[in-house]
Amino acid sequence: MTQASIKVGMIAEETGALSFMGRANANVARMVVDEINADGGLLGRKIELYLEDGATTDAVAAAKAAKLVAQDKVDVIFGGIYSSTRQAIKAPAVVKGRTLYIYPEQYEGQECDPLIFCTGPVPAQQLDPLIPWLMRKTGAKTFYLPSADYIWPHVMNERVRQLVTADGGSIVGEEYYPLDHMEYGEMVGRIMSSGAEVVFNTIVPPGVVPFFAQLHDAGFQNRGGQLICTYFDENLLGLLPAPHVEGLYGCLDYYQNVSDPFSQTLLRRYNQLYPGNAQFTGGSACSGLYRGMKLWAAAVKAAGSLKQDEVIKALDHAKIADGPGGPAEVVPGQHHVRMNMYIAQASNGSFKIVKNLGVIDPQEGNVPGFADAGQMHAAE
């Protein structure tokens, strides 16, 4: 590996409210880069990781993305957890910098740009199977939607409303709060008085901890109420007492008790390399990041080149035979990934998979043609 290195940019939330997720993502980025380099690199060249702390602050993430493009001149950027952070990274990295960006987190879908690929699950893979399944299993018909006030909750709640009403149910409350809001006592009172059978939560850290505490203390689960939180994973379980989320349902591409041999081996390897609280999980974007980095590497190999348009064309149909939760492949034209999905339930402080949904398509719209991306570059 004597040629110039391949530069990979990564924005991880190593400080701030999502640091418990971001530190795990930074670990995954290091692990995958080390794996690829140990196997001879890509195209005979070593990968060099440019890791930046997004600090769980969109303005910081945007500034770091601008640095990665303009100063470090990276070949690709990974990272971002909040959808607002994805948008903050997109402006300097994609719109201005015309750099390939791979977003790894489960999110609301609808990102549609020739230079962006999304490697986590979207509503068709999370909500479409989970909501009807839960309504059939529990008989629940009434839902309350406590929410953070940004794009992801708004889009997710609209999809939940469609699914619930199509199955004869109703939304009895829908409320939005700033991301850092911490006092939910009045809303919890409204949830309890509404008689809602299901709380579909999109409040995020740090506010999710006091919200679940106040909901539990009000007796929501004790009266038979059901909790749903689609991003909740093993990293999140460590933030609060197990009784506060006992019985909570989620739907993700990966949980730690997925039983396929590759997933189990990957988890053991990660835990050996990075023991501690920053766990390899699905909702925290680790699974999507591992998948995204491996798909990108497969595309570079297939293209035999680092020329961005050629890598994008190869990435449009890239596949990996092994990944967290199972194999994965990009759906041609959609820049989203077909993958295995699982419904799990929190029990005594851990997640137990209650249904293996198998492979589910993202069902996202087609992005503009790759000729458009080439024309954008030519116009620069």
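Me: Is Arg269 buried, exposed or partly exposed?
Reply: Arg269 is partly exposed, at a relative accessible area of 26%. The scale here is buried under 20% relative accessible area, exposed over 50%, and partly exposed in between, with a 1.4 Å probe and protein chains only.

Me: Which residue does Arg269 form a salt bridge with?
Reply: Glu35, and the closest N and O atoms are 2.5 Å apart. A salt bridge here is a side-chain nitrogen of Lys or Arg within 4 Å of a carboxyl oxygen of Asp or Glu. Arg269 sits in helix H9 (residues 261-273) and Glu35 in helix H1 (residues 19-38), so the pair ties together parts 234 residues apart in sequence. Helices (H or I, at least four residues) and strands (E, at least two) are DSSP runs numbered from the N terminus.

Me: Okay, and at what angle do H1 and H9 pack?
Reply: About 105 degrees, with the axes 11 Å apart. Axes are lines fitted to C-alpha atoms over the stretch in contact, and angles run from 0 to 180 degrees between N-to-C directions. H1 and H9 are therefore roughly perpendicular, a label that covers 65 to 115 degrees.

Me: Which residues of H1 and H9 make the contact?
Reply: From H1 it's Ala24, Asn27, Val28, Met31 and Glu35, and from H9 it's Leu266, Arg269, Tyr270 and Leu273. Contact means heavy atoms within 4.5 Å.

Me: Switching topic: how far can I trust the coordinates?
Reply: This is a predicted model, where local features need pLDDT of at least 70, side-chain atom pairs count only at pLDDT 80 or more, and totals for chains, interfaces and linings use all residues. Residues are numbered from 1 along each chain as its sequence is written, and side-chain values use heavy atoms, with hydrogens and water left out. The chain's mean pLDDT (the predictor's confidence in each residue, from 0 to 100) is 95, and 97% of its residues reach 70 or more.

Me: Where does pLDDT stay under 50?
Reply: Over residues 370-380. Where pLDDT is low, the predicted coordinates should not be read in detail.

Me: Back to salt bridges. How many by this rule?
Reply: The count is 16. One of them joins Asp253 and Arg291, with the closest N and O atoms 2.7 Å apart.

Me: Are Asp253 and Arg291 buried or exposed?
Reply: Both Asp253 and Arg291 are buried.

Me: What about Arg86?
Reply: Arg86 meets Glu111 in a salt bridge, 3.0 Å from N to O. Arg86 counts as buried at 2% relative accessibility, and Glu111 counts as buried at 9%.

How values were computed:
Parallel < 35°, antiparallel > 145°, perpendicular 65-115°, else oblique.
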